[in-house]
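These are my notebook entries on a single structure.

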Amino acid sequence: MRLAGDSAPVTMSGGGGSGNFLLVPIPEFPLLDCVPNKTVKIVVLGASNVGKTALIVRFLTKRFIGDYEANTGALYSRKVTLDGEEVSLQIQDTPCVALQDDPEGLYCQEQINRSIYWADGYVLVFSITDHNSYRTIQPLYQHVRRIHPSGNIPVILVGNKSDLLRARQVPADEGETLAASLGGVYFEASARENHEGVHAAFLHLCQEVIRAFGGSNGEKRRGGLHLARPKSPNMQELKRRFRQVLSSKVKSATTI
Ligand SMILES: Nc1nc2c(ncn2[C@@H]2O[C@H](COP(=O)(O)OP(=O)(O)OP(=O)(O)O)[C@@H](O)[C@H]2O)c(=O)[nH]1
């Protein structure tokens with residue numbers, strides 16, 4: 001869902017000593033407020049009503065806001081400190097995806113596909129009170145894989161609404177097994193009741209993204225996000241050899 005009034009920048013208090021910060025939708029290619037080469041782009045995906053917006057809002061504001069307008073896919077920006085380094089974090093909220101009977105098994109708006117392509121890391125959310133939302137995760141992950149076919153995809157799986165234990169339809173071990181099969185970690189969280197769990201989940205994903213960046217000195221990997229960067233040749237050596245060849249050619253030309 002969309003945070004009410006999020007069409008204009010809103011200043012919100014971070015609370016708990018984190019100071020004030022902007023909770024503001026930003027353009028897809030932000031020019032301001034960006035730490036060069038250290039931008040982590042995260043997209044939050046899942047079925048309807050699982051708490052995608054609530055989780056993002058909880059992470060950014062430490063608050064739970066019960067009611068939201070229908071989600072149109074807001075983009076939020078914040079600076080975070082990871083291992084002592086400042087990182088620009090962008091979080092894309094998305095409209096819900098839904099299971100359907102076609103061969104790919106998933107209804108996904110084009111806007112969501114663009115977000116999947118754009119992102120570096122993925123928060124896949126289901127509600128522990130809704131087994132259908134859990135069933136959406138595997139096809140959703142396959143869909144992400146189709147868009148990013150190669151290599152490692154930084155992903156976490158979040159089973160939200162853990163405060164509603166009596167309504168639980170998905171046991172924790174099912175979440176853990178599924179997360180392991182996707183190559184990610186499972187977090188059970190409650191956007192309603194607990195900030196720490198939500199915070200830990202998002203930070204873990206940020207760390208995973210930074211780790212995935214590691215091999216490429218933090219450079220953005222566009223169009224080949226998860227491809228290993230080819231080793232660059234030793235440019236000094238190449239230049240030296242090039243000069244050698246040139247000077248030998250010049251010599252032979254002058255001796256003729
Ligand atoms: N009990 C409980 N309710 C929650 C929790 N998280 C979200 N909700 C409620 O679940 C409903 C859906 O939350 P949203 O954050 O709008 O869910 P969404 O996944 O963004 O929904 P869509 O816009 O349909 O994609 C709202 O009524 C929230 O107040 C939670 O951790 N516990």
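**Entry 1: salt bridges**

I began with R168, which is partly exposed at a relative accessible area of 28%; here buried means under 20% relative accessible area, exposed over 50% and partly exposed in between, with a 1.4 Å probe and protein chains only. The model is a predicted one, in which local features need pLDDT of at least 70 and side-chain atom pairs count only at pLDDT 80 or more, while totals for chains, interfaces and linings use all residues. Residues are numbered from 1 along each chain as its sequence is written, and side-chain values use heavy atoms, with hydrogens and water left out.

I then looked up the partner of R168. R168 forms a salt bridge with E188, with 2.6 Å between the closest N and O atoms. I took a salt bridge as a side-chain nitrogen of Lys or Arg within 4 Å of a carboxyl oxygen of Asp or Glu. R168 sits in the loop between β9 and α5, and E188 in strand β10, so this pair ties together parts that are 20 residues apart in sequence. For helices (H or I, at least four residues) and strands (E, at least two) I used DSSP runs, numbered from the N terminus. E188 is also partly exposed, at 28% relative accessibility.

How many salt bridges does this rule give? I counted 3.

Another of them joins D163 to R192, whose closest N and O atoms are 4.0 Å apart. D163 belongs to the loop between β9 and α5 (172-182) and R192 to the loop between β10 (185-188) and α6, so the two tie together parts 29 residues apart in sequence. I noted D163 as partly exposed, with a relative accessible area of 24%.

E208 and R211 form a salt bridge too, at 2.7 Å between the closest N and O atoms. Both residues are in helix α6, 3 residues apart, which is about one turn of the helix. An α-helix has 3.6 residues a turn, so residues three or four places apart point the same way. E208 is partly exposed at 24%, whereas R211 is exposed at 58%.

**Entry 2: nonpolar cores**

Next I looked up the cores, each a set of buried Ala, Val, Leu, Ile, Met, Phe, Trp, Tyr and Cys residues joined through side-chain atoms within 4.5 Å. The largest has 31 residues, and I42, L55, L89, I91, V123, V158 and F202 touch the most other members. Two or more residues each come from β3 (39-46), α1, β4 (75-82), β5 (85-92), β8 (121-127), β9 (155-160) and α6 (195-214). Which element gives the largest share of this core? I found that α6 does, with 7 residues. Another core, of 27 residues, lies apart from it and includes L75, I128, V170 and L178.

Beyond its neighbours within four places in sequence, L89 is in contact with V40, I42, F59, Y76, S77, R78, V80 and C206. C206 itself is buried, with a relative accessible area of 0%.

**Entry 3: helix α1**

Is helix α1 (residues 52-61) buried or exposed? I found 10 of its 10 residues buried, so the helix is largely enclosed by the rest of the structure. K52, R58 and T61 are among the buried residues of α1. K62 follows α1 and has a positive phi, near 65°.

**Entry 4: further positive phi values**

I recorded two more residues under this heading. N49 is exposed, with a relative accessible area of 55%. D83, also not a glycine, has a positive phi of about 50°. D83 is placed in the loop between β4 and β5 and is exposed at 68%.

**Entry 5: cysteines and L99**

I searched the whole structure for disulfides, meaning pairs of cysteine sulfur atoms within 2.5 Å, and found 0. C96 is partly exposed, with a relative accessible area of 32%.

L99 is in strand β6 (residues 98-99) and counts as partly exposed at 31% relative accessibility. Apart from neighbours within four places in sequence, L99 is in contact with G105, L106, N132, R135, T136 and P139. Finally, I noted 25 Å between the C-alpha atoms of L99 and R166, which are 67 residues apart along the chain.

How values were computed:
Contact = heavy atoms within 4.5 Å.
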